[in-house]
Each structure stands twice: as C-alpha cells, then as structure tokens.
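Visitor: I have a protein model to look at, and I would like to learn how to read its features step by step. Could you guide me through them?

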Amino acid sequence: MDSKKYLTLIFYRLRYKFQEWKLRLSQQYSDLNIKGREKLTIMVIPHTERKTVNFVISYKAITIFLGLIVVLMFVSAVNVLSHSGSVHELTELNLSNIDFQRQSEKLKEEVSSLHSTINYYYDRISSLYIKLGGDPSKVSKGIGGASPRISEFSETKSSSKDLTSETYKIKEDIHNLKLSRELSEEIINMIKKRKSIIKHTPSVWPTRGYVLFPYGKFISPITGKEEFNKGLDIAAFPGSEIVSTAPGLVYEIGQSSTTGYYIKIAHKFGWKTIYSNLDRVKVNKNEKVSKGDVIGYVGKSSENPIYHVHYEVHVGTQTLNPFSFLNQIQE
C-alpha cells in the first residue's frame, strides 16, 4: 500500500471516530436536556388549616443553583485564604518593624558610646599636641572647624530629625578620627625631633665630684678679685675620668698655663662644650665621640693647684649655665 492510500485510510478513520464522539456528546446533551426539563414538586404543608404551598422546580434550575453555590463557596474560600495570607504578612511586617526599632535603638546607643569615646580620644590627642608646642589652629574639632559643633547643633532639632542628627554625628566622628590620625603623626615626628635634640644636648656630669665654683660671678682664689665664671668648676680626685656630655666631634685640643690641657667638642644644633684643667687627653682632633665616652682625666694647672675640671657649654658664641642641663634632661 502506498503512502497516499495509507494517509487517506487514516483520515477516514479519524473522521469516523470524530463523528462517533460527536454523536455520543449529542446524545448525552439530549439526555441531560430531557432530564433537566423534568419537574420536582416541593410541598409545604402547614400544621394549621392554611393552604398547602407547592413549589415546582426543574432539575436544571436546581443544578444551576447548586453550581452557583459551589462557585460562591470557592470564591469565598479564595478570599478567606487571601485575607489570611495578608493578615499573616501584616503580622510578619509588624514583628519585623518592632525588631528593626529595637536594633535601631541599640545601634543609636552604640553610636553615642562610640561618639563619646572618639571625643575623649580626640581631646587627649589635641591636648598632647598643644602641650608639645603644636599649632593650635590645626586643632579644629568637628566638621567645618572649631565653630559650634555639629552634634550640638543637631541636638537642637526636633525628635523627627534623629536620623539626620546621627548622620551628622557619624560624619563628625570620621572627621575627628582623620584629624586625630594627622595630629598623632605630627606628635610622633615632634617626639622624634625632640628626642634627637635631647640626645645631642649636653646633659650629663663630665666627672664625679662637687661644684667648686658655679657659673657666674665669684671671688677668684688666685687673684682675689670678683670675676665672671663662664662655666662650672667641678672638684674631683686626681686622675678621675672626664666624659663627653653629648655626642660630637673633637675640633680642638690644646694646653696653656692657665687652663692646662683642654678639649673642645662640637655637637649638633650649635652646641659646643669645653673641658679644661686636664692632666691627660685620651682623644685626638677630628675624632667622633659619643655621650659618656672618656676623653681625658682630671688634673690641675700651674696657676690653679686644685684638682678640678672646668666645664663650659656654648650655643654659638653665647655661654650658658651648664648646671641647667646636668641631670635635668632625660632621653
């Protein structure tokens, strides 16, 4: 059998089946139509002598009525379920809102605590910065400088502006933290610089002994006249060690009848120290020495028979009282 005849046969079979199904549906619809036309009589018989009431209803009307009831029940069920879902969602939103409010209050407390801590930290840093000689104009608290603080300004707003107030507080805290970091870096640099200055400042006793003649005017035991002592005369045992009072460079070594052997040392930042009345010298010219290095030994001169060391401190051409530095400056 060729394909054309096979397809024609299938077509007629399908057409036959379709006609058969159509006939069955028509028959069922006809039966339902006949069934629906049948009448059902409902009699209402009162217990009194009133007339009996008869209701005649077709099965079709009863079916339509029952169908409407089923549809209404279905719609009502859908509405009830939808309403229940909405109520559930509303309850969940209400609970979420309560939880959000609690978390907001907790966050607000933490922000306030952090704000107080940052202010305390900033006050300490700025106070230390000013005590170290920093520029007060750089200490500008809050956004926009040292004018009325944002936190104080925002607190005058109504309660409806709480969120704005907290936002400004956070911005102010960020500003103060950045400023604190900058001040901290400057403080570290200032401390390093001061430490370097202190390190190179003559601040230790050149030898162990006691002050024989202080800096300033005194009566010379040699001449018997009032003279001005440019340094400090420290009496000590013969041959006691004399140390450099700061790191520096030996730039002159000499000897005279008045001073005996002497050593002059140049230090950083313009400091100079002079050590006279030495019995012996242990260093050489242009030699670098550190603080505490032995540079010579206590002796006497032909004009002054007392064993002592004459110690002077200079800044440029100006002499200073060495006693102002001895054991007063610590690294």
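Visitor: Which residues touch the most other members in the largest nonpolar core?

Guide: Please keep in mind that this is a predicted model. A nonpolar core is a set of buried residues joined through their side-chain atoms. Here the largest nonpolar core holds 19 residues, and those touching the most other members are Ile242, Ile263, Ile265, Tyr275 and Ile295. At least two residues of this core come from each of β6 (232-235), β9 (260-266), β10, β12 (294-298) and β13. There is also a second, separate core of nine residues, with Tyr122, Tyr129, Val139 and Ile187 among them.

Visitor: With which residues is Tyr275 in contact, leaving aside its neighbours within four places in sequence?

Guide: The contacts of Tyr275 beyond those neighbours include Ile242, Ile263, Ile265 and Ile295, and also Pro206, His310 and Tyr311.

Visitor: What is the volume of the largest pocket, and which residues are the closest to its centre?

Guide: The largest pocket has a volume of about 480 Å³. It is lined by 21 residues, of which Phe218, Glu227, Asp233, Thr258 and His310 are the closest to its centre. Two or more lining residues are given by each of β5 (226-229), β10 (271-281) and β13 (308-315), and the lining as a whole divides into five nonpolar, eleven polar and five charged residues.

Visitor: Is Leu32 buried or exposed?

Guide: Exposed means over 50% relative accessible area, and Leu32 is exposed because its relative accessible area is 62%. Leu32 belongs to helix α1 (residues 3-37), and its C-alpha atom is separated by 9.6 Å from that of Tyr59, 27 residues apart along the chain.

How values were computed
Residues are numbered from 1 along each chain as its sequence is written. This is a predicted model: local features need pLDDT of at least 70, side-chain atom pairs count only at pLDDT 80 or more; totals for chains, interfaces and linings use all residues. Side-chain values use heavy atoms; hydrogens and water are left out. On a 1 Å grid over the protein atoms alone, a cavity is a set of points where a 1.4 Å probe fits but cannot get out, and a pocket is an open set with protein on both sides within 12 Å along at least five of seven lines; lining residues have an atom within 4 Å of a point. Grid points are joined across faces, edges and corners, and a volume is the space filled by probe spheres set on the points. Helices (H or I, at least four residues) and strands (E, at least two) are DSSP runs, numbered from the N terminus. Ala, Val, Leu, Ile, Met, Phe, Trp, Tyr, Cys and Pro count as nonpolar, Asp, Glu, Lys and Arg as charged, and the others, Gly among them, as polar. A nonpolar core is a set of buried Ala, Val, Leu, Ile, Met, Phe, Trp, Tyr and Cys residues joined through side-chain atoms within 4.5 Å. Buried means under 20% relative accessible area, exposed over 50%, partly exposed in between (1.4 Å probe, protein chains only). Contact means heavy atoms within 4.5 Å.
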